[in-house]
Structure formats: C-alpha cells, structure tokens
Amino acid sequence: MTYNYNGLWKLLIDMNLKKKDLMERANIASSTMAKMGKGLPVKLEVLARICKELKCDIGDILHITYWGKQIWKNCASAHIIKYYSKPK
C-alpha cells in the first residue's frame with residue numbers, strides 16, 4: 001500500500017504556502033511532515049487538522065494505492081466529520 005500526498009503539495013503551491021507555514025498553522029511536527037514527504041502513513045487526526053486548516057477534503061490531499069489500484073473509503077471522511085462535530 002502506498003500513500004501519495006501530491007494533492008497536498010499541489011494545494012500548498014496553489015495557496016502560496018510553504019510546508020513550514022502549514023506546520024505552524026495546523027500544529028504538525030517536523031517528523032510528521034517528513035513522513036508525508038516520504039509517502040508514509042500519518043495519523044488521521046493530523047490529516048483532519050490539515051483539511052480543517054486548508055478547507056479541503058481528505059481526498060484532496062491523500063491518495064492511497066493498494067496493489068496498483070487507487071482506493072478511497074468514504075468512512076475516513078465520516079470519521080473526520082464526526083471528530084470535528086463533537087462539542088469541545
């Protein structure tokens with residue numbers, strides 16, 4: 001299974017932001033950003049914070065390829081909505 005964050009990098013370019021800007025705005029550790037740069041998995045909570053900050057959907061920033069087929073599950077979006085819908 002491979003994780004492709006090219007959508008995130010393109011979105012940052014379109015928004016004229018640097019990785020460091022996103023790290024500060026979404027409270028992301030440099031090690032997490034390095035993982036994304038290497039195409040490794042990161043926590044769903046981190047992806048949710050990125051989506052909240054950039055006002056996008058998780059499918060806009062992450063594509064998962066499994067055995068040569070690109071897949072995406074709607075359940076991940078449902079988890080993000082559920083996470084951020086909780087009263088704090």
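**Helices, core and cysteines of the chain**

Trp-9 lies in helix 1. Helices here are DSSP runs of H or I with at least four residues, strands are runs of E with at least two, and both are numbered from the N terminus. The model is predicted, so local features need pLDDT of at least 70 and side-chain atom pairs count only at pLDDT 80 or more, while totals for chains, interfaces and linings use all residues. Residues are numbered from 1 along each chain as its sequence is written, and side-chain values use heavy atoms, with hydrogens and water left out.

Several partners surround Trp-9. Leaving aside neighbours within four places in sequence, Trp-9 is in contact (heavy atoms within 4.5 Å) with Lys-19, Met-33, Met-36 and Gly-37. Trp-9 and Met-36 are 27 residues apart in sequence. Their C-alpha atoms are 9.9 Å apart in space. The charged end of Lys-19 sits over the Trp-9 ring, 4.4 Å from its centre. For such a placement, NZ of Lys or CZ of Arg must be within 6 Å of the ring centre and within 35 degrees of the ring normal. The structure holds zero aromatic pairs. Such a pair would need rings of Phe, Tyr or Trp (its six-membered ring) with centres within 6.5 Å; planes under 30 degrees apart count as stacked, over 60 as edge-to-face and the rest as tilted.

The chain contains six helices and three strands. From the N terminus on, the order is β-α-α-α-α-α-β-β-α. Of its 88 residues, 31% are buried. Buried means under 20% relative accessible area, exposed over 50% and partly exposed in between, with a 1.4 Å probe and protein chains only. The chain exposes about 6200 Å². Carbon and sulfur atoms supply 55% of that area. Areas come from the Shrake-Rupley method with a 1.4 Å probe; for residues, only the protein chains shown count as cover. Among contacts with a separation of 6 or more, 57% join residues 24 or more positions apart.

The largest nonpolar core has 21 residues. Such a core is a set of buried Ala, Val, Leu, Ile, Met, Phe, Trp, Tyr and Cys residues joined through side-chain atoms within 4.5 Å. Tyr-5, Leu-8, Leu-22, Met-36, Ile-50, Leu-54 and Ile-61 touch the most other members. Two or more residues each come from helix 1 (6–14), helix 2 (19–26), helix 3 (30–37), helix 4 (44–54) and helix 5 (58–61). Helix 4 gives the largest share, five residues. Beyond four places in sequence, Tyr-5 is in contact with Met-36, Gly-39, Leu-40, Pro-41, Val-42, Leu-47, Ile-61 and Leu-62.

In helix 4, Val-46, Leu-47, Ala-48, Ile-50, Cys-51 and Leu-54 are buried. Thr-32 belongs to helix 3. Its relative accessible area is 15%, so Thr-32 counts as buried. Just after helix 4, Lys-55 takes a positive phi of about 55 degrees.

The cysteines were examined next. A search of the whole structure finds zero disulfides (pairs of cysteine sulfur atoms within 2.5 Å). The closest cysteine sulfur to that of Cys-51 is in Cys-56, 4.0 Å away and therefore too far for a bond. Cys-51 has 5% relative accessibility and so counts as buried. Cys-56 is buried as well, at 18%.
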